[in-house]
Amino acid sequence: MITSTPDTHIESVAEHALALMLSLAKRIPQLDQRVRHGEWPRGNITLLRGKTLGIIGLGGIGQRVAKRASGFDMRVIYWSRVRKPELELELGVVWVEDLGSLLDEADYVSLHVPLTPETEFLIGQNEFRRMKQDSFLINTSRGRTVDSRELYNALSTGEIAGAA
């Protein structure tokens with residue numbers, strides 16, 4: 001038997017996306033390792049407050065991420081196949097016309113799209129080049145929405161600050 005249970009994990013995936021953002025902003029894994037090695041590092045902690053979150057795909061999960069981000073006083077922009085004016089008013093999000101504009105502006109890019117022929121490798125070399133050098137990519141979509149080789153290159157060369 002094969003079943004489909006859409007919407008089953010919407011809340012937990014949205015919370016996970018925010019947890020990943022916080023982990024990146026606060027450098028939790030890196031600082032944890034340094035403390036375990038007897039160091040007590042200071043500084044270089046980023047706030048989410050005042051940062052711009054770019055959501056790619058404003059479906060069920062993207063909407064919930066946007067709602068949670070507002071609690072951190074983040075500016076939220078989104079790009080989706082279909083503009084959703086009613087959600088713009090409800091959630092206080094701003095639609096951008098194209099993916100490139102979102103990548104240019106966002107401090108955090110959170111990916112929430114299904115894997116389809118149109119979204120496979122949606123984020124690759126050209127997209128990483130558009131992102132800010134101090135920006136972060138969060139992908140809670142399927143893995144093949146991001147070109148992993150290009151992600152490795154972008155991280156290795158410092159083209160972006162981090163990914164989760």
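Predicted model: local features only at pLDDT ≥ 70, side-chain atom pairs only at ≥ 80, totals over all residues.
The strands form an open sheet of six, in the order 3-2-1-4-5-6, with parallel pairing. Strand 3 (94-95) and strand 6 stand at the edges. Each of these two has a single partner strand, so one of its sides is left without a neighbour in the sheet. Further in, strand 1 and strand 2 pair in the parallel sense over five bridges, and Thr 52 stands opposite Arg 75 in strand 2. Strand 4 and strand 5 also pair in the parallel sense, over four bridges. Here Leu 111 stands opposite Asn 139 in strand 5.

In a regular strand the side chains alternate between the two faces of the sheet. Strand 5 is covered on both faces. Phe 136 and Ile 138 lie on one side, Leu 137 and Asn 139 lie on the other, and all of them are buried.

Helix 1 (10-26) has 17 residues. The buried residues of helix 1 are Ile 10, Ala 14, Ala 17, Leu 18, Leu 20, Met 21, Ser 23, Leu 24 and Ala 25. The elements they pack against include helix 2 (28-36) and helix 3. They also pack against strand 1, strand 4 (108-111), strand 5 and strand 6 (162-163). Just after helix 1, Arg 27 takes a positive phi of about 55°.

The largest nonpolar core holds 23 residues. Within this core, Met 21, Leu 53, Ile 55, Val 65, Tyr 108 and Ile 138 touch the most other members. Two or more residues each come from helix 1, strand 1 (52-56), helix 3 (60-70), strand 2 (75-79), helix 4 (85-91) and strand 5 (136-139). Helix 1 gives the most, with seven residues. Ile 138 shows how these parts meet. Not counting residues up to four places away in sequence, Ile 138 touches Ala 17, Leu 20, Met 21 and Leu 24, as well as Tyr 108, Val 109, Ser 110, Leu 111 and Ala 164. Another core lies apart from the largest one. This other core has 19 residues, among them Ile 56, Val 96, Val 113 and Met 131.

Side chains of opposite charge can pair when their charged atoms come close. The structure holds twelve salt bridges. In one of the pairs, the side chains of Arg 83 and Glu 88 meet at 2.8 Å, N to O. Arg 83 counts as partly exposed because its relative accessibility is 45%, whereas Glu 88 is buried, with a relative accessible area of 13%.

Asp 107 forms a salt bridge with Lys 132, the closest N and O atoms being 2.9 Å apart. Asp 107 lies in the loop between helix 5 (99-105) and strand 4, while Lys 132 lies in the loop between helix 6 (125-130) and strand 5, so this pair ties together parts that are 25 residues apart in sequence. Asp 107 is buried, with a relative accessible area of 11%. Lys 132, at 28% relative accessibility, counts as partly exposed.

The side chains of Arg 129 and Glu 159 meet in a salt bridge at 4.0 Å, N to O. This pair links distant parts of the chain, 30 residues apart: Arg 129 is in helix 6, and Glu 159 is in the loop between helix 7 (148-156) and strand 6. Arg 129 counts as exposed, at 53% relative accessibility, and Glu 159 is partly exposed, with a relative accessible area of 26%. Elsewhere, Glu 11, Glu 15, Arg 64 and Arg 68 are linked in a network of salt bridges.

Lys 84 has no salt bridge, although this residue is buried. The nearest side chain of opposite charge belongs to Glu 86, 6.6 Å away. A salt bridge requires a nitrogen to oxygen distance within 4 Å. Lys 84 is found in the loop between strand 2 and helix 4. Leaving aside neighbours within four places in sequence, Lys 84 is in contact with Leu 58, Gly 59 and Tyr 78.

Terms used: Residues numbered from 1 in each chain as written. Heavy atoms only, no water. Core = buried A, V, L, I, M, F, W, Y, C linked by side-chain atoms within 4.5 Å. Buried < 20%, exposed > 50% of the residue type's maximum accessible area, 1.4 Å probe, protein only. Contact = heavy atoms within 4.5 Å. Lys, Arg positive; Asp, Glu negative; His and termini not counted. Expected span 1.5 Å × (residues − 1). Pairing = 2+ DSSP bridges.
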